[in-house]
Amino acid sequence: MKNIDIIVPIYNAYEFTEECIKSVIKYTDLNTHTLVLINDKSPDLSISPMLQKYQKENQDKNIVVLENEENIGFVKTVNKGMQYSENDVILLNSDTEVTKNWTEKIQTCAESNPYIATVTPLTNNGTICSVPNFGIDNELPDHMSLEEYAEMIETISQNRYPELTTANGFCMYIKREIIEEIGFFDEETFGKGYGEENDFCYRALDHGYIHVLCDNTFIYHKGTQSFKKENMTETRMALIQEHMKLLREKHPIYVQKTDQFIANNPLRDIQENVQLNLDIYGKKRILYLVNEWELNMEMTGGTSLHIKDLILKNQQEKIASFVLAPEQVDLERFKLYLYTDKEAKEVASFKLDSCQYGQVHYTNQNYRKMLNMLFDTFQFDLLHVHHFLFQTFDAIEIAKEKGIYSILSLHDLYMICPSVNMVYQDKFCEIDPKKDCRKCLHDRLGVNSDILKNWRKNCKRVLEKFDKIIVPSENTKEQYQKFYPDITMEVVEHGVEVIPVKEKEQKEKDTFDIAFVGAMAIHKGSLILKELIKKSKHENIRIHLFGKPNDEFLSKSADHYINHGPYTRGELPQLLKDHQIDLVCIFATWPETYSYTLTECYMAKVPILTFNIGAVGDRIQKDQLGWVMNFENSDKILEKIREIGNNKEEYKKVKENFENYQFKTIQEMQEFYKELYQKIQTSINKGYSIYELLMYKDQNRAIEFNQYQATYGHVVHRYERLRGSKLWKIVKKIKGKIK
């Protein structure tokens with residue numbers, strides 16, 4: 001490696017300068033390279049003794065101190081340093097701190113191409129070289145030291161050395177042959193600073209050379225207060241505008257290219273790489289597989305609500321939660337979301353050429369390739385599958401290959417039958433002696449074969465691979481162990497946030513008010529609801545629907561039927577209380593595995609009538625908070641409702657049982673998963689390269705985003721230029737005079 005002279009022009013800023021010198025001494029081989037400290041006649045008289053001190057304390061190192069007899073300004077001081085040197089130089093601001101192996105990495109970058117003129121490293125405060133946010137001043141991450149940050153950036157870099165239109169003067173490597181060919185900074189034109197490095201770089205472009213970013217090196221740049229825009233005097237602002245005007249007149253093509261560079265930001269992948277790694281640095285990383293998801297977590301399905309509660313706890317515990325889910329509109333498009341303690345974001349969107357020629361999917365080559373890439377990129381500590389619907393069994397295969405701990409939560413009966421809820425002709429198939437599985441699967445999935453035996457054989461093989469299997473109720477465990485008696489499952493009931501219900505004065509009424517709750521699909525009892533509405537016209541029964549109806553008939557209210565429409569999570573208990581509901585009917589035609597809706601009805605202390613199937617029937621019987629009946633037609637159900645309404649004593653006893661009921665809280669459930677997750681060892685990591693992920697992202701989305709960025713960037717950049725123009729100032733003066 002060639003010798004480098006590190007030139008530091010100094011004017012006041014004692015503390016910053018001292019930190020800069022310390023960092024250079026610590027991280028630079030000053031037996032090979034030379035540190036040239038130039039004091040530009042600083043008014044702070046303590047600067048000179050401090051420089052002499054460091055030179056004296058490090059006599060075994062190459063440290064040179066130069067003193068300007070008078071203040072000559074930044075540009076002339078830099079030129080003085082370059083004239084003193086005979087080697088390649090690094091111009092280094094005195095308000096910077098360098099990091100480990102900085103000169104080696106920058107010089108390797110410079111020597112990678114003979115036509116490189118200058119090299120600039122990444123920084124927190126260096127316009128186009130700034131990370132993680134482009135073009136602005138960034139604070140250092142509060143959860144990392146500078147050394148850790150720089151090491152992470154080196155680890156995740158692809159060392160691609162992208163081209164820049166101009167270097168940045170905070171830390172600027174310049175080859176000696178370039179200086180000899182094009183000369184020094186133009187101190188006559190830019191003597192007071194601002195624009196001199198741009199002019200130098202544009203002249204180098206004229207000579208056919210290029211400028212590059214050393215994307216594996218990070219140098220901390222504090223940025224002195226006098227340089228910050230909000231503290232700039234009008235004189236200084238005028239100087240910047242004047243020099244920008246000179247640059248545009250002298251180098252119109254290159255300034256335009258710089259404008260385009262800023263507008264299009266070709267370094268976006270580097271910034272995204274840094275930001276994503278900052279988000280997950282040092283955190284345990286969990287991948288959740290789900291069948292539906294929204295970024296804002298405003299979902300209504302029980303499975304989604306449960307996962308949301310887990311993620312909220314993860315955010316408190318500083319666990320990085322990744323969620324992979326298919327888009328509901330396009331099931332061949334998958335989205336990866338990330339939730340940390342600081343933010344939620346969509347990390348990537350993948351459009352798969354599915355090539356799924358069969359109707360039943362155990363595996364898919366493109367999906368498996370995507371998963372492998374995600375596992376390799378983020379090195380997940382844990383895989384937690386909440387559903388394989390719309391996904392494949394490839395995830396558990398990959399997790400086992402990579403030795404990753406895996407959990408499966410069973411929220412329905414999909415792993416028993418691909419019909420998901422095992423409803424046959426509108427009721428649970430196990431209570432229908434005439435069921436025809438082949439016909440059902442043909443109607444549901446379009447298959448023409450009896451696949452259940454093979455399905456369960458494959459599902460058993462998958463279940464055996466998981467380290468832990470969790471079900472939300474004893475009933476669900478019983479359903480599964482009918483088919484998989486050797487599979488160990490742990491029952492962990494979902495926790496809920498107990499919502500206080502305000503008591504209101506009860507109005508006199510002569511009706512027995514019953515309610516159906518939740519989204520009214522057929523497997524949730526919509527056909528039963530319709531029959532009851534038709535058959536109860538002349539009863540003293542008033543029927544309410546709190547939830548989204550599935551057809552036009554249920555959308556229209558009538559004299560004895562009120563459609564209240566959808567509600568959001570947590571609203572149901574108060575709605576039941578406000579409308580003086582006497583009985584809630586939950587007539588799901590399949591064995592639900594838990595039912596958040598049932599728990600919310602408990603909060604309102606409203607008795608329940610349900611079928612004797614699934615977790616709902618089990619819970620009602622165990623808690624004695626309602627009535628269960630065998631699967632019957634609407635006539636029998638109506639008869640049971642009448643009986644409940646007429647038996648005041650029995651109704652009163654059921655109501656009293658609510659006083660002794662103990663809810664399992666979200667906190668209790670979250671603590672279980674917190675302990676479970678904590679047992680899993682976190683892999684030691686220093687950062688991840690997400691470039692393969694960025695290349696894999698949905699190209700259509702990337703194109704749209706690039707177009708948006710270009711448009712937005714041009715608008716912002718033109719606005720900033722306009723603000724500094726004479727026209728803007730004239731308009732401001734006129735505006736100030738007009739009331």
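# Close-up views of a predicted protein model

The protein has 28 helices and 25 strands, where helices (H or I, at least four residues) and strands (E, at least two) are DSSP runs, numbered from the N terminus. This is a predicted model, in which local features need pLDDT of at least 70 and side-chain atom pairs count only at pLDDT 80 or more, while totals for chains, interfaces and linings use all residues. Residues are numbered from 1 along each chain as its sequence is written, and side-chain values use heavy atoms, with hydrogens and water left out.

**View 1. The whole protein.** The radius of gyration, which is taken over C-alpha atoms, is 35 Å for the protein, whereas a compact globule of 739 residues would have one near 27 Å, by the rule of 2.2 Å times the number of residues to the power 0.38. Along the principal axes, the C-alpha atoms fill a box of roughly 105 × 70 × 45 Å. Of the 739 residues, 54% count as buried, a term that stands for under 20% relative accessible area, with exposed meaning over 50% and partly exposed in between (1.4 Å probe, protein chains only).

View 2. The strands follow the order 22-21-20-23-24-25, and their pairing is parallel; two strands pair if DSSP finds at least two bridges between them. Strand 22 (561-565) and strand 25 (626-629) are the edge strands, each pairing on one side only. Neighbouring strands of this sheet are turned by 20 degrees against each other on average, direction ignored. Strands of a sheet pair through backbone hydrogen bonds, either parallel or antiparallel.

**View 3. Helices that pack on the sheet.** Helix 18 (residues 526-535) lies across strand 20 (512-517), strand 21 (541-546), strand 22 and strand 24, and runs at about 150 degrees to strand 21. Helix 23 (residues 634-646) also packs on the sheet, where it touches strands 20, 21, 23, 24 and 25, and its direction makes about 155 degrees with that of strand 25. Axes are lines fitted to C-alpha atoms, for helices over the stretch in contact (heavy atoms within 4.5 Å), and angles run from 0 to 180 degrees between N-to-C directions.

**View 4. From strand 24 to strand 25.** Four bridges join strand 24 (residues 608-611) to strand 25 in the parallel sense, and Thr610 stands opposite Val628 in strand 25. Helix 22 is mostly covered, with seven of its 10 residues buried, among them Val616, Arg619 and Ile620. Just after helix 22, Gln624 takes a positive phi of about 55 degrees.

**View 5. Strand 14 and its partners.** From strand 14 (residues 382-385), Leu382 and His384 point one way and Leu383 and Val385 the other way, and all are buried. Strand 14 pairs in the parallel sense with strand 10 (residues 285-289) over four bridges, and Leu287 stands opposite Leu383. Strand 15 (residues 405-409) also runs parallel to strand 14 and is joined to it by four bridges, with Ile407 as the bridge partner of His384.
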